[in-house]
Amino acid sequence: MASEPSMTVEPIKVVAMVLQREMGLEDGSIMLGLENFEIPKTTGLYVSLLYGPEQIIGNNNYNSIDIHGTYCEVQDVVVLHQVDIDVMSFDSSARMRKEEVLQALQSYEAQQLMEKYQMRIASTSGAFLPIRTMEETKQLNRFQVTISVNALHHKVKSTPFYDTLQTVDLVENP
């Protein structure tokens, strides 16, 4: 049996799914950290997500038996991820809709996805900070908030187990 990580989606991508579904954002309007993303020149809302510092909450390793009765090693790491969310637009969308980000993160959809992927978004986040930057041609409305996401990173590996021993032949030294 090979390693079987249970987390199929990383935390930042789950946050992106929540925001896109709850806020009705079009494909291509969310950028995940450090990708080569150019802010479109059109009006409308765009979101950038970037990991901040992480904190390890727990790191456990133990033996267990899987659903087939096979001995296995279970490795769990619980991580507190910081995710910076930038909401931006060349029109008033970012300024007018930034609170929807917080609403989306506490929505029923968010709760369902967090449960599915063994994560949890902290119920209180920091305040939105205005980011004052000029783009090539005009002023960009840009606001940033940092949220915390607890995530369980879980892996199961097979471990050798011997339930029978070979008989040993005794050999005497001459």
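# Helix packing and salt bridges in a predicted model

Helix 1 and helix 2, residues 93–105, pack at an angle of about 115 degrees, and their axes are 9 Å apart. Keep in mind as I go that this is a predicted model. Why do I give an angle and a distance? Two packed helices are described by the angle between their axes and the distance between the axes.

Stay with this pair. The crossing of helix 1 and helix 2 is right-handed. Which residues meet here? From helix 1 we have V15, V18, L19, E22 and M23. From helix 2 we have R97, E100, V101, A104 and L105. Sorted by class, that contact has seven nonpolar residues, three charged ones and no polar ones.

Let me pick out one residue from that list. L105 lies in helix 2. Is L105 buried or exposed? L105 is buried, with a relative accessible area of 5%. The cut-off for buried is under 20%, so 5% qualifies. Now look at what surrounds the side chain. Leave aside the neighbours within four places in sequence. Then L105 is in contact with V15, V18 and L19, and also with I85, A110, I121 and I147. One distance for contrast: L105 and I39 are 66 residues apart along the chain, and their C-alpha atoms are separated by 23 Å.

Helix 1 covers residues 11–23, and helix 3 covers residues 108–116. Their axes come within 10 Å and cross at roughly 155 degrees. That makes helix 1 roughly antiparallel to helix 3. Why that word? Angles over 145 degrees count as roughly antiparallel. Helix 1 passes helix 3 in a right-handed crossing.

Who touches whom? On the helix 1 side, find V14, M17, V18, R21 and E22. On the helix 3 side, find E109, A110, L113 and M114. These contact residues divide into six nonpolar, three charged and no polar. Notice V18 and E22. Both are listed in the contact with helix 2, and both are listed again in the contact with helix 3.

Now to charges. Side chains of opposite charge can pair when their charged atoms come close. How many salt bridges does the structure hold? Five. I will show you three of them.

Start between the helices we just left. E109 forms a salt bridge with R21, and the closest N and O atoms are 2.6 Å apart. E109 lies in helix 3 and R21 lies in helix 1, so this pair ties together parts that are 88 residues apart in sequence. E109 is partly exposed, at 23% relative accessibility.

Move to the strands. R142 forms a salt bridge with D86, with the closest N and O atoms 2.6 Å apart. Where do the partners sit? R142 is in strand 7, residues 141–158, and D86 is in strand 4, residues 71–89. So the pair ties together parts that are 56 residues apart in sequence. Compare how open the two partners are. R142 is partly exposed, with a relative accessible area of 25%. D86 is buried, at 4%.

K13 counts as partly exposed, at 40% relative accessibility. E10 is partly exposed too, with 34%.

Last stop: the loops. Find the loop between strand 6, residues 129–130, and strand 7. L140 is found there. Q139 is in that loop as well. Which is buried and which is partly exposed? L140 counts as buried, at 1% relative accessibility. Q139 is partly exposed, at 39%.

The C-alpha atoms of L140 and D91 are separated by 7.8 Å, though the two residues are 49 apart along the chain.

One more loop residue. Q118 lies in the loop between helix 3 and strand 5, residues 119–121. What is the phi of Q118? Phi is near 55 degrees, a positive value in a residue other than glycine. Q118 counts as partly exposed, at 42% relative accessibility.

Notes:
Residues are numbered from 1 along each chain as its sequence is written. This is a predicted model: local features need pLDDT of at least 70, side-chain atom pairs count only at pLDDT 80 or more; totals for chains, interfaces and linings use all residues. Side-chain values use heavy atoms; hydrogens and water are left out. Axes are lines fitted to C-alpha atoms, for helices over the stretch in contact, and angles run from 0 to 180 degrees between N-to-C directions. Helices (H or I, at least four residues) and strands (E, at least two) are DSSP runs, numbered from the N terminus. Angles under 35 degrees count as roughly parallel, over 145 as roughly antiparallel, 65 to 115 as roughly perpendicular and the rest as oblique. A crossing is left-handed if the near helix is turned anticlockwise from the far one by less than a right angle, and right-handed if clockwise. Contact means heavy atoms within 4.5 Å. Ala, Val, Leu, Ile, Met, Phe, Trp, Tyr, Cys and Pro count as nonpolar, Asp, Glu, Lys and Arg as charged, and the others, Gly among them, as polar. A salt bridge is a side-chain nitrogen of Lys or Arg within 4 Å of a carboxyl oxygen of Asp or Glu. Buried means under 20% relative accessible area, exposed over 50%, partly exposed in between (1.4 Å probe, protein chains only).
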